[in-house]
Amino acid sequence: MGGGQKQPMAQAVAAVVNGDKAAFYNCGFVGIQDTLFDGNGRHFYLNRYIEGATDFIFGFAKTVFEVK
């Protein structure tokens, strides 16, 4: 589009996790809105950092968050 027309902004998710038995160790996810979409499956997060302002973790997965 030209002529100075504004483009609609699409929302971007920092990480999408779908699938079974996904595991994340010693990592971080940072975003503003909708940072981590923990979609479907079984997931495990150990020593992770997740930061966001609005709805930063969402989804339907069966998830364990653990800190050691």
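In what order do the 3 strands of the open sheet stand, and is their pairing parallel or antiparallel? In this predicted model, the order is β2-β5-β8 and the pairing is parallel.

**The sheet.** Select β2 (22-25) and β8 (62-66), which stand at the edges. Each has a single partner strand, so one side of each is left without a neighbour in the sheet. Neighbouring strands are turned by 10° against each other on average, direction ignored. Next, display β5 (residues 42-46), which 4 bridges join to β2. Within this pairing, Y25 is positioned opposite L46 of β5.

**The aromatic pairs.** The whole structure contains 6 aromatic pairs. Select F24 and Y45, a stacked pair with 5.1 Å centre to centre and 10° between the planes. Because F24 lies in strand β2 and Y45 in strand β5, this pair ties together parts that are 21 residues apart in sequence. F24 is partly exposed, at a relative accessible area of 25%, whereas Y45 is buried, at 0%.

The link runs from strand β5 to strand β8, across 20 residues. F65 is partly exposed, with 34% relative accessibility.

**The core.** Centre the view on F29. Its contacts, not counting residues up to four places away in sequence, include A15, F24, Y45 and I50. Finally, select A15, V17, F29, L36, Y45 and I50, the 6 residues of the largest nonpolar core.

Terms used:
Residues numbered from 1 in each chain as written. Predicted model: local features only at pLDDT ≥ 70, side-chain atom pairs only at ≥ 80, totals over all residues. Heavy atoms only, no water. Pairing = 2+ DSSP bridges. Helix = DSSP H or I, 4+ residues; strand = E, 2+ residues; numbered from the N terminus. Axes fitted to C-alpha atoms, helices over the stretch in contact; angles between N-to-C directions. Core = buried A, V, L, I, M, F, W, Y, C linked by side-chain atoms within 4.5 Å. Buried < 20%, exposed > 50% of the residue type's maximum accessible area, 1.4 Å probe, protein only. Contact = heavy atoms within 4.5 Å. Phe/Tyr/Trp six-rings, centres within 6.5 Å; stacked < 30°, edge-to-face > 60°.
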